[in-house]
Amino acid sequence: MDIRTHLESLYNNRLMENETEIHEFEVSLSKVLELDDISVIQNLCLAFDDNTHQFEIMFSLVHVIEHLYRNNVKEGLTLIAKSISKITKQATEWIEILHYRILNHTQVRLVYREVLCEIDTDIAVNIRGLLIEIKDEDPASFRDAVTDVINN
């Protein structure tokens, strides 16, 4: 199978409603990880779905995305940012989780600040709004981190 087939399998099995879907999701995710191709991050983001029946397995998708961008954080974060508008309706919780993870790593969030300054203004505005919501929900934990990202 080529990478497109694995990406399609991830998307088609994202709800993981039965053992077959869980197995297919896990196999495809491991194959994508083996290929180690950062360019697929946007496609991986499409597999996020708040209605999944297997939160823990879906969380492994977060880890794979983080692994893929480890050597090129800026490119990876740019791909994540560009995918947000495509997954907002089905994956708002996963979008938040991705952003909590970004905010919890100083070097990553400083690169994200650069990304938000360079991408399409509408995308940046939406993401900054999300970050402000995260800060407002838990200012003690996220005030400084969000400030690092949204202040130029």
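Let's start in the loop between H1 and H2, which is where methionine 16 sits; helices here are DSSP runs of H or I with at least four residues, strands are E runs of at least two, and both are numbered from the N terminus. The model is predicted, so local features need pLDDT of at least 70 and side-chain atom pairs count only at pLDDT 80 or more, while totals for chains, interfaces and linings use all residues. Residues are numbered from 1 along each chain as its sequence is written, and side-chain values use heavy atoms, with hydrogens and water left out.

- Methionine 16 has a positive phi of about 50° although it is not a glycine.
- For background, most residues other than glycine have a negative phi.
- With a relative accessible area of 1%, methionine 16 is buried; buried means under 20% relative accessible area, exposed means over 50%, and partly exposed lies in between, using a 1.4 Å probe and protein chains only.
- Arginine 14 also belongs to a loop, the one between helix H1 (3-12) and helix H2 (19-35).
- Arginine 14 counts as buried because its relative accessibility is 16%.
- The side chains of arginine 14 and aspartate 49 are joined by a polar contact of 3.1 Å. Such a contact is a pair of N or O atoms within 3.5 Å; within protein, one must be able to donate a hydrogen and the other to accept it, and residues adjacent in sequence count only if both atoms are side-chain atoms.
- Beyond its neighbours within four places in sequence, arginine 14 is in contact (heavy atoms within 4.5 Å) with Phe25, Leu46, Ala47, Asp49, Thr52 and Met58.

**The loop between H2 and H3**

- Aspartate 36 lies between H2 and helix H3 (41-45), in the loop.
- Aspartate 36 is not a glycine, yet has a positive phi of about 50°.
- A relative accessibility of 37% makes aspartate 36 partly exposed.

- Isoleucine 87 belongs to helix H5 (residues 73-87), and counts as buried at 0% relative accessibility.
- Not counting residues up to four places away in sequence, isoleucine 87 touches Cys45, Leu46, Phe48, Thr92 and Ile95.
- The C-alpha atoms of isoleucine 87 and aspartate 49 are separated by 8.1 Å, with the two residues 38 apart along the chain.
- Leucine 77 is found in helix H5 and is buried, at 0% relative accessibility.
- Leaving out residues up to four places away in sequence, leucine 77 touches Tyr69, Ile102, Val108, Val111, Tyr112 and Val115.
- From leucine 77 to valine 111, 34 residues apart along the chain, the C-alpha separation is 8.0 Å.

**The chain as a whole**

- The protein chain has nine helices and zero strands.
- Its radius of gyration is 15 Å, close to the 15 Å that the globule rule gives for 152 residues, so the chain is as compact as a globular protein of that length. The radius is taken over C-alpha atoms, and the rule is 2.2 Å times the number of residues to the power 0.38.
- The C-alpha atoms fill a box of roughly 45 × 30 × 25 Å along the principal axes.
- Buried residues make up 45% of the 152 residues.
- Of the contacts in the protein chain with a separation of 6 or more, 71% come from residues 24 or more positions apart.
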